[in-house]
Amino acid sequence: MGRFFAVLLTLSLLLACAACGDKDAPSSQPSASGGGLVESQPESPPEPEETPQADDALVREMIFAYGAYEDTLNGPVVLTVRKKSLFHRMESWGAGDLTPGDYLYWADTLPMTEEEQKIADQGQHHAQDHKGESPFGYRFLPAAWVEETVLSRFDTTVEVLRGDPEYYDDSIPGYFLSAGGGIGEISTLSYSFSQEEDILTIPVTLTFVNSTQPYRTHTLTVRLEPDGGCKYLGCQVEALV
C-alpha cells in the first residue's frame with residue numbers, strides 16, 4: 001500500500017513540474033493588440049554632410065590670402081596685388097606643380113604672430129651658415145610655422161615641403177628663403193566666382209597701367225573643406241589682349 005502512494009506522489013510531482021514549465025515558456029502567439037512578433041528595424045543611413053556654400057566674404061578672403069589686399073590710402077578703395085604674391089606667377093599650375101620655393105614665397109607674404117616672429121628672429125643666425133645658391137643671402141623661417149601655414153591652404157604634404165635641401169635643413173629644423181629677388185608690376189584686380197558642389201572657381205582679372213599686356217586673368221580653383229577651411233587646387237593663367 002505504501003508503495004502505491006509513493007508512485008502516486010511521484011506522478012503528481014512530475015505533472016506539477018510540467019505545468020510550471022509550460023507556464024514559464026515564452027509564447028509565440030500574437031499579442032492581444034494584434035501586433036504580432038516585434039521585429040527590430042534596420043538603422044537608417046547617416047545624413048550626408050551638407051556642402052559648404054561660399055559667399056563674397058569667403059571669396060575675398062581666398063583672393064587676399066593668395067596675394068592681394070585692399071588699398072584704402074590712394075583715393076577710392078581698390079583691390080591690389082601685393083608686392084610679393086603668387087599673382088605674379090606667369091605660369092598656370094595644378095597638382096604637383098608648385099615647388100618648395102613657391103610655397104615659401106607665398107608663406108612669406110603672410111603675417112606671423114608675435115611669438116612666431118620671435119622664433120624666426122632667434123633663428124636668423126642659422127641663415128648665415130646656410131649653403132644655398134642665392135647671391136642675396138637667406139632668411140630663416142620656422143618649420144612649424146611654414147608647414148602649418150602652407151598645409152592649411154594647399155593640398156600638399158610635409159614631405160614635399162622638406163624635399164629640397166636648398167630650402168629645408170633638418171638639423172635645425174627650419175626653412176630658408178632667398179632674401180632678394182624682384183617683384184612683379186603692381187596691378188589692381190576684379191573678380192567673380194561660381195561654385196559646383198565643393199569646388200569654387202574664382203576668375204581674377206589683373207589690370208596693369210603700364211604694360212604691353214594690360215590684362216591678365218588668374219582663375220583660381222579652390223576646394224571647400226567640410227571643416228570650413230579652403231584649399232587652393234590650381235590656377236589657370238591667361239593673358240588677355
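Tyr66, Phe87, Trp93, Tyr103, Trp106, Phe154 and Tyr232 form one aromatic cluster, where rings of Phe, Tyr and Trp (its six-membered ring) pair if their centres lie within 6.5 Å, planes under 30 degrees apart counting as stacked, over 60 as edge-to-face and the rest as tilted. The model is predicted, so that local features need pLDDT of at least 70 and side-chain atom pairs count only at pLDDT 80 or more, while totals for chains, interfaces and linings use all residues. Residues are numbered from 1 along each chain as its sequence is written, and side-chain values use heavy atoms, with hydrogens and water left out. Helices (H or I, at least four residues) and strands (E, at least two) are DSSP runs, numbered from the N terminus.

**Aromatic pairs**

- The structure holds eight aromatic pairs; in one of them the rings of Tyr66 and Phe87 have centres 4.8 Å apart and planes at 70°, so this pair is edge-to-face.
- Because Tyr66 belongs to helix α2 and Phe87 to the loop between β2 and α3, the pair ties together parts that are 21 residues apart in sequence.
- Tyr66 and Phe87 are both buried, a word used for a relative accessible area under 20%, with exposed meaning over 50% and partly exposed the range in between (1.4 Å probe, protein chains only).
- Tyr168 and Tyr175 form an aromatic pair that is tilted, at 4.8 Å centre to centre and with 50° between the planes, and both of these residues are buried.

**Nonpolar core**

- The largest nonpolar core has 41 residues, of which Phe87, Phe154, Ile202 and Tyr232 touch the most other members; such a core is a set of buried Ala, Val, Leu, Ile, Met, Phe, Trp, Tyr and Cys residues joined through side-chain atoms within 4.5 Å.
- At least two residues of this core come from each of α2, β2, α3, α6, β5, β8, β9 (215–224) and β10 (230–240), and α2 gives the most, with six residues.

- Thr201 lies in strand β8 (residues 199–207) and is partly exposed, with a relative accessible area of 27%.
- Leaving aside neighbours within four places in sequence, the contacts of Thr201 are Ser192, Phe193, Ser194, Thr219 and Leu220.
- Thr201 and Val59 are 142 residues apart in sequence, whereas their C-alpha atoms are 9.4 Å apart in space.

**Salt bridges**

- Side chains of opposite charge can pair when their charged atoms come close.
- The structure holds eight salt bridges, each defined by a side-chain nitrogen of Lys or Arg within 4 Å of a carboxyl oxygen of Asp or Glu.
- The side chains of Glu61 and Arg153 meet in one of these salt bridges, at 2.8 Å from N to O; Glu61 lies in helix α2 (residues 56–67) and Arg153 in the loop between α6 (143–151) and α7 (158–161), so the pair ties together parts that are 92 residues apart in sequence.
- Glu61 is partly exposed, with a relative accessible area of 38%, whereas Arg153 counts as buried at 16% relative accessibility.
- Arg89 and Asp102 also meet through their side chains in a salt bridge, at 3.2 Å from N to O, which links Arg89 in the loop between β2 (78–81) and α3 (100–107) with Asp102 in helix α3, 13 residues apart; both residues are buried.
- Arg162 forms a salt bridge with Glu147, the closest N and O atoms being 2.7 Å apart, and because Arg162 lies in the loop between α7 and β4 (168–169) and Glu147 in helix α6, the pair ties together parts that are 15 residues apart in sequence.
- Arg162 is partly exposed at a relative accessible area of 37%, while Glu147 counts as buried at 10% relative accessibility.
- Lys84, Asp108 and Arg139 are linked in a network of salt bridges.

**Three-stranded sheet**

- An open sheet of three strands has the order β3-β5-β4 with antiparallel pairing, two strands being taken to pair if DSSP finds at least two bridges between them.
- β3 (138–142) and β4 stand at the edges with a single partner strand each, so one side of each is left without a neighbour in the sheet.
- The antiparallel pairing of β3 with strand β5 (residues 174–178) runs over five bridges, and the bridge partner of Tyr138 in β5 is Ser178.
- Helix α6 packs on the sheet and touches β3, β4 and β5, its direction making about 75° with that of β3; axes are lines fitted to C-alpha atoms, for helices over the stretch in contact, and angles run from 0 to 180 degrees between N-to-C directions.

Definitions and conventions:
Contact = heavy atoms within 4.5 Å.
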